[in-house]
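Thanks for coming, everyone. I'll take a few minutes to walk you through a structure. Have a look at it first.

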There are 2 protein chains.
Amino acid sequence: MPKSKRTVFFVSDGTGLTAEALGHSLLTQFENVEFRQHRAPFIDSADKAHAIVARINECSRADGLRALVFTTLIDPEVSAIVQASDAFCMSFFESFLAPLEAELGVQSSHTVGRSHDISDSSNYQKRIEAINFTLNHDDGITEHELEKSDLILVGVSRCGKTPTSLYMAMQFGLRVANFPLIPEDFERGKLPGNLTRYRDKLFGLTIKPERLNKVREERRAGSRYAALENCRYEVAEAEKMMQREGIRWLDSSSKSIEEISTTIMQELHLE
Amino acid sequence: MPKSKRTVFFVSDGTGLTAEALGHSLLTQFENVEFRQHRAPFIDSADKAHAIVARINECSRADGLRALVFTTLIDPEVSAIVQASDAFCMSFFESFLAPLEAELGVQSSHTVGRSHDISDSSNYQKRIEAINFTLNHDDGITEHELEKSDLILVGVSRCGKTPTSLYMAMQFGLRVANFPLIPEDFERGKLPGNLTRYRDKLFGLTIKPERLNKVREERRAGSRYAALENCRYEVAEAEKMMQREGIRWLDSSSKSIEEISTTIMQELHLE
């Protein structure tokens, strides 16, 4: 059976990232439908609402099936315009704000675009500083100010330390350093540098040798570094070292950076 | 009036990031309530559901007010256990999946943890490659393979290029290079290197001199680099250059990386 097709709009007065995240998670539940997804951000006036409705209706006509529209719109006037489109509309805020107001016994402020603004600037500043810290402590560059880190990732080269570190900094404002475990460390039988000092901050990533081989081949095809045999050796030695040092670890092979990060935060009680 | 306090749980069978994003965007609408927020990820069995319900009920008792619980749970048994807690529960999937099934005329797959898994691995791979590309093209390191970039950010040092580049790579899988505009470029009156070749990929960030002065003072206190007068000069010259070269730009001073990224994508029609 060919997949059916449907056009989807995420309409928001802010970035639309929240509408997109929730809409996307709902859509992944329908594997046999192909969704063409469009984010429509900053819809914060009646004019912009009419413009996006024209686009939505045009898609509905072209598809011969009404579009799906997920909204996080706060302004009642803007919301009403979008709701009156030819689409099937699901309004997250309208579904949940009224019950929440009743439960909390207060009116909501109906302020547009609050999710990703920087009104909580101390929290935002923390994220930016964490990104800088993490970039400055990528790939074992330095042990300077390592005591200020929230977490230190270790693992063989190309097991996913850098993307995970950056994601955790960006999303959660965590200062994440990362250090590669390399053959010299295995020969010495010791963690690099003075890492043992920070044992409670250490967490390991490991990876299946076959997966590592594939990743390294893309980087340095045909090299000894990428050879499956060498990948097997490094992974086995790294796991042995982590076990000996009492470092918890997880296998990153089939996990996304979101899943890896969430698992680490849970294990180390970082919040 | 003192802020009232309320404990909030984001309960999910996956990472809980979607539940947290939507829950957080709803909670920002209630400025006079202080929310203590907890993410409860990977609740994918009846045992784990009972354990989190025990924690939720304990908080409700301790607060003297029932907790708020936002869920993205797919499994009906797990969901029912959480719904039966002493909390005020809002189930995103239960509110929207049934209407979506009716609209699409198909049953959803009820597969847990789909949002952030890597089952769509080509898309995930694209994000990881974009992060690597972006790191390798940070701060004007190289023009190598610049033709493969989706976007090239330019602007004075410390105007927000690096965090924005990394966010766009991580969130959208875009390959974003960034180049600083420095006093030598202003003296020569030319964009750095061969950037003019890639004019359609260029986008500028600018910043208020007062804000730049503050950011640079944190980095190099008392330096000529950080001095307000120098910040004024650099920002004015950078804006002049961008105008002359026909480069669109935005002021990052009061925008989050999410807002900056969304605006750029809209302006350059990147999706």
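Let's begin with a question: over how many bridges do strand β5 and β6(B) of chain B pair, and in which sense? Strand β5 of chain B covers residues 151-156, and with β6(B) the count is six bridges, in the parallel sense. Pairing here requires that DSSP finds at least two bridges between two strands. Strands (E, at least two residues) and helices (H or I, at least four) are DSSP runs, numbered from the N terminus. In general, strands of a sheet pair through backbone hydrogen bonds, either parallel or antiparallel.

Some housekeeping. This is a predicted model: local features need pLDDT of at least 70, side-chain atom pairs count only at pLDDT 80 or more, and totals for chains, interfaces and linings use all residues. Residues are numbered from 1 along each chain as its sequence is written, while chains are lettered from A and ligands numbered from 1 in the order in which they are written.

Stay with that sheet. Its order is β6-β5-β7-β8 in chain B, four strands, open, with parallel pairing. From one strand to the next, the twist averages 25 degrees. Axes are lines fitted to C-alpha atoms, for helices over the stretch in contact, and angles run from 0 to 180 degrees between N-to-C directions. One bridge to find on screen: V156(B) has L181(B) as its partner in β6(B). Now the helix. α6 of chain B, residues 161-172, lies across β5, β6 and β7 (202-206) of chain B, at about 175 degrees to β6(B). Contact means that two residues have C-beta atoms, placed from the backbone, within 7 Å.

Now the other sheet. Chain B also has four strands in the order β2-β1-β3-β4, an open sheet with parallel pairing. β2 (33-40) and β4 (88-91) of chain B are at the edges with a single partner strand each, so one side of each has no neighbour in the sheet. Here the twist averages 20 degrees from one strand to the next. Strand β1 of chain B, residues 4-12, is joined to β2(B) by eight bridges. F9(B), for example, has H38(B) as its bridge partner in β2(B). Helix α4 of chain B, residues 92-104, packs on this sheet and touches β3 and β4 of chain B. Helix α1 of chain B, residues 17-27, lies across β1, β2 and β3 (68-72) of chain B, at about 155 degrees to β1(B).

Over to chain A. Chain A has 10 helices and eight strands. An automatic or database domain assignment sets the bounds: domain 1 of chain A is 4-104 and domain 2 is 121-267. Their C-alpha centres lie 39 Å apart.

How do the two chains meet? 50 residues of chain A contact 50 residues of chain B. On chain A's side, α4(A) gives the largest share, nine residues. 100% of the interface residues of chain A are also interface residues in chain B, so the copies meet through the same surface.

Last, the symmetry. A rotation of 180 degrees, with 0.0 Å of shift along its axis, superposes chain A on chain B at RMSD 0.0 Å. The superposition is by least squares on C-alpha atoms of residues with pLDDT of at least 70 in both copies. The copies are thus related as by a two-fold rotation axis. In chain A, L22(A) has the C-alpha nearest that axis, 3.5 Å away.
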